[in-house]
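Biologist: I would like to learn how to read helices and charged pairs in a model such as this one. Could you take me through it slowly, giving the general idea and then the case at hand?

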Amino acid sequence: MFRKLRSSDKEKLFKYLEKERAYNLFIFGDVENYGMETDFQELWAEFEDDEYIAVLLRYKNFCILYSDGNFNVKWFADKIRSYKGIEGVSGKREIIEALSILLDYKKIRHQYLSELEGLEDIPEEFLKQEVSLAVPDDAVDLYELESKIKEFEDFSNSIEKIEEALRSGRSKTYFIGDGGKIVSCASTTAETSSSVMVIGVCTHPDFRGKGYASFCTARLSYEFLKAGKRPCLFYDNPAAGKIYRRIGYKDIGKWDLIVL
């Protein structure tokens with residue numbers, strides 16, 4: 001059986017997703033922040049004997065599919081195709097591998113999921129650099145930095161989106177400036193009562209090799225751990241993975257993204 005989820009399904013949904021919480025941070029965060037019944041977000045689920053088999057989240061132009069076992073791949077592929085303008089679908093590697101057979105796509109980005117457990121895991125050397133917390137007025141500089149990063153080319157952002165995210169508090173960005181410009185930063189999304197996803201870690205090509213991205217990520221991670229929220233992140237670059245492990249992050253799984 002398949003049906004669209006309602007607000008009354010939240011408690012049981014969260015209990016199902018809690019089995020692999022780190023994999024489901026985006027779903028937890030989006031449901032906590034926006035609810036389950038909006039014009040830009042909806043959730044569908046597959047059930048068997050009233051138990052969850054799989055869950056699909058559509059948030060604006062992106063989808064996330066989660067299952068902890070076998071599920072009806074064709075039904076979910078058809079559902080994703082029914083949405084207009086979907087730019088990407090992400091999920092655990094085995095889920096994306098199954099979906100990729102049934103979807104037309106541009107490419108698949110193979111990523112690793114990492115998690116930082118405690119304050120004591122962050123080496124003190126990464127917390128000595130001065131790092132600033134961005135405000136909405138920094139949106140232009142942040143946009144200009146993002147436009148220089150090749151890895152961000154698959155999905156578009158805008159000054160307005162960045163400014164709104166900072167103003168609403170849905171995202172926080174820690175940055176390092178040089179010469180009056182923001183040259184490195186790390187941001188958050190999908191913040192929940194107990195966890196947060198780290199995204200958008202980058203450094204301007206002219207300022208790499210100085211450890212700036214490590215300092216930004218470490219400071220952001222430290223502040224959220226201090227607030228009782230465990231940070232997670234995805235990466236697909238081996239060099240980035242090495243940096244994150246030095247900060248204290250540990251790989252816990254594989255996560256893929258289909259670019260449609």
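This is a predicted model: local features need pLDDT of at least 70, side-chain atom pairs count only at pLDDT 80 or more; totals for chains, interfaces and linings use all residues.

Biologist: Let us turn to charge. What is the general idea, and how many salt bridges does the count come to?

Modeller: Side chains of opposite charge can pair when their charged atoms come close. A salt bridge is counted when a side-chain nitrogen of Lys or Arg is within 4 Å of a carboxyl oxygen of Asp or Glu, and by this rule the count comes to 23 salt bridges.

Biologist: Which residue meets R246 in a salt bridge, and what does the pair tie together?

Modeller: The side chain of R246 meets that of E125, with 3.8 Å from N to O. Because R246 belongs to helix α8 (residues 238–247) and E125 to the loop between β6 (107–115) and β7 (132–133), the pair ties together parts that are 121 residues apart in sequence. R246 is partly exposed, at a relative accessible area of 48%, and E125 is likewise partly exposed, at 48% relative accessibility.

Biologist: What about E191 and K172: how is their salt bridge placed?

Modeller: Their side chains meet at 3.4 Å, N to O. E191 lies in the loop between β9 (181–189) and β10 (195–203), while K172 lies in the loop between α6 (159–168) and β8 (173–178), so this pair ties together parts that are 19 residues apart in sequence. With a relative accessibility of 16%, E191 counts as buried, whereas K172, with a relative accessible area of 29%, is partly exposed.

Biologist: Are R245 and D251 buried or exposed, or in between?

Modeller: R245 is partly exposed at 43% relative accessibility, and D251 is partly exposed at 36%. The side chains of R245 and D251 also meet in a salt bridge, with 3.6 Å from N to O. Elsewhere, salt bridges that share partners join K12, D50 and E51 into one network.

Definitions and conventions:
Residues are numbered from 1 along each chain as its sequence is written. Side-chain values use heavy atoms; hydrogens and water are left out. Helices (H or I, at least four residues) and strands (E, at least two) are DSSP runs, numbered from the N terminus. Buried means under 20% relative accessible area, exposed over 50%, partly exposed in between (1.4 Å probe, protein chains only).
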